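Have the structure open as you read.

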Amino acid sequence: MRMQTILPGFDNPVHDAGRIFRAVLDAMARPGRVVSLTGLSGTPAGMHVSTAAVALTLFDADTPVCPEGFGDDSAAWLQFHCGCPVLSAPEEALFGLFRSGMQLDGAERYSGGSESYPDRSATLLVQVDSLREGDQLRLEGPGIQDEQRLAVSGLDRAFWPLFARNRATYPLGVDVILCAPSEVACLPRTITARGPITCM
Amino acid sequence: MQGHFISTATDNTSIGTAPQRTGRQAQEGGDSGYNFAFLDEQTKRMVRRALLKAVAIPGYQVPFASREMPMPYGWGTGGIQVTASVIKHDDVLKVIDQGADDTTNAVSIRSFFARTTGVATTESTAEATLVQTRHRIPEQPLREGQILVYQVPIPEPLRWVEPRETETRTMHAHEEYGVMHVKLYEDIARHGRIATSFDYPVLVAGRYVMSPSPIPKFDNPKMHDSPALQLFGAGREQRIYAIPPYTTVRSLDFEDFPFEVQQWDACCGLCGADDSYLDEIILDDAGGRMFVCSDSDHCRKRREAGHVGPMGGTTQTLEGSDNG
């Protein structure tokens, strides 16, 4: 038995969730564009403000969540604020949460939906150190006029071959939200990424 | 006109171009007693998750648990649920019905959101951040950052050729769209041209055939590569779908019968526009008629800029006689 303090969620659940959702919608509609997500005073150890904000906005009792690399206090925080089932089985999760710097080999176990229902697929929140510097990528696909550049640091390089394989299964596949400490960028399954580090 | 939110709504219909905010409604959350934008947060989360998947799979119809709204199906319950899940208190909302800001459906929905959110409303396409539409895309090109929400009655483009949902879902899964071309071909065989003039099917991002909702095919080219985000909500049919900005939207056609839009011999009677979508208005029993812009904001902006159509003096004469 240990004393556990659960950190607060949004100051204003209705308007904060609305604001964060619009930012995420904008990021999903314009893949690779970095949007700022702020407005939380504290988060569980290892969880970025951006990740926590997206969790508070989208998770609830209908969304099984699989946190990978996070501690018990993160699971308790998620269950307290979102009421979401916290699983250790990626196959059944609608959302995956990856702590910064984690190996992402397990990402392939998440559901990509079915041919008839490609929307019944997981969304992965992958924490990174920064979306302002690091590996340079060029993105193409719906939502992008010509080409979008993206810089990422703190992301397992195995991610990009995985993401290319994910792209090849379109319209099936997972969608990814890269979460820097206070910013996110989205990589929906439609996106083709080209960079110096693909498929060694 | 006796819908219960219509009769009790305060007069928030903005006349003129400046976004308007009424004092009581400007407070955060709008009308007390309801959550911001009417829907509860649980419903909004469900709709929001559906919207994100819809954006990630352009043109694919995402099922969602559509709620009862305080208006009948067919009045835009799908569009309203999308708007309610997307709207923020600093948005500027425009609502149009067949292009016009001042028709019953548009006025009702605008006052519904003014009352339940307190957001500013406008009739100007340029000033709006969020536009909910029934059956038209504004003439003025949309810009980056704007969101266009369509009210959709029948989201399934294959429904007219295959009534079974299980079948159409499999046809989408297998990209089996030949039957759509057969339908268009039958038009040509019967009429000598593709006679479909509204709800003209499109192929989105090279994968999904999608219903653009009953917009005239005149508006189809505006969907292609639009800088704005386009969201579609069908309440009765419980479907949400989307087109991200800068996405390929191609109207289905044939090499020897290429897609083409409607054209008119006349121009707008009020503003003289010859490049906008025109409505025909019957003036009397003797065959008198005129054509006017369907987009009321576009028409007013043009008249304010000094453009006058062949019947452009008519309204002033009427106003003058009213005053006298």
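In this predicted model, strand β4 (residues 130-134) of chain B runs parallel to β5(B), and four bridges link the two. One place to look is B:Gln132, which stands opposite B:Val149 in β5(B). On another flank, β5(B) pairs with strand β8 (residues 229-234) of chain B, again in the parallel sense, over five bridges. Here B:Gln151 has B:Gly233 of β8(B) as its bridge partner.

How many residues of strand β5 (residues 147-151) of chain B are buried? Five of the five are, so this strand is largely enclosed by the rest of the structure. In a regular strand, side chains alternate between the two faces of the sheet. For β5(B), B:Ile147, B:Val149 and B:Gln151 lie on one side, with B:Leu148 and B:Tyr150 on the other. Both faces are covered, as all of these residues are buried.

Moving on from β4(B), you come to strand β2 (residues 92-97) of chain B, which is parallel to β4(B) and joined to it by five bridges. B:Leu93 has its bridge partner in β4(B), namely B:Leu130. The parallel pairings described so far are gathered here.

| Strand pair (chain B) | Sense | Bridges | Bridge partners, one example |
|---|---|---|---|
| β5 and β8 | parallel | five bridges | B:Gln151 and B:Gly233 |
| β2 and β4 | parallel | five bridges | B:Leu93 and B:Leu130 |

Now step back to the whole sheet. It is open, with seven strands of chain B in the order β1-β9-β8-β5-β4-β2-β3, and its pairing is mixed. The edges are β1 (62-63) and β3 (120-121) of chain B, each pairing on one side only.

Helix α2 (residues 41-56) of chain B packs on this sheet, where it touches β1, β8 and β9 (239-243) of chain B. The direction of α2(B) makes about 45 degrees with that of β9(B). Helix α4 (residues 104-117) of chain B lies across β2, β3 and β4 of chain B and runs at about 160 degrees to β2(B).

Terms used
Residues numbered from 1 in each chain as written. Chains lettered and ligands numbered in written order. Predicted model: local features only at pLDDT ≥ 70, side-chain atom pairs only at ≥ 80, totals over all residues. Buried ≥ 20, exposed ≤ 12 C-beta atoms within 10 Å, placed from the backbone. Pairing = 2+ DSSP bridges. Contact = placed C-beta atoms within 7 Å. Axes fitted to C-alpha atoms, helices over the stretch in contact; angles between N-to-C directions.
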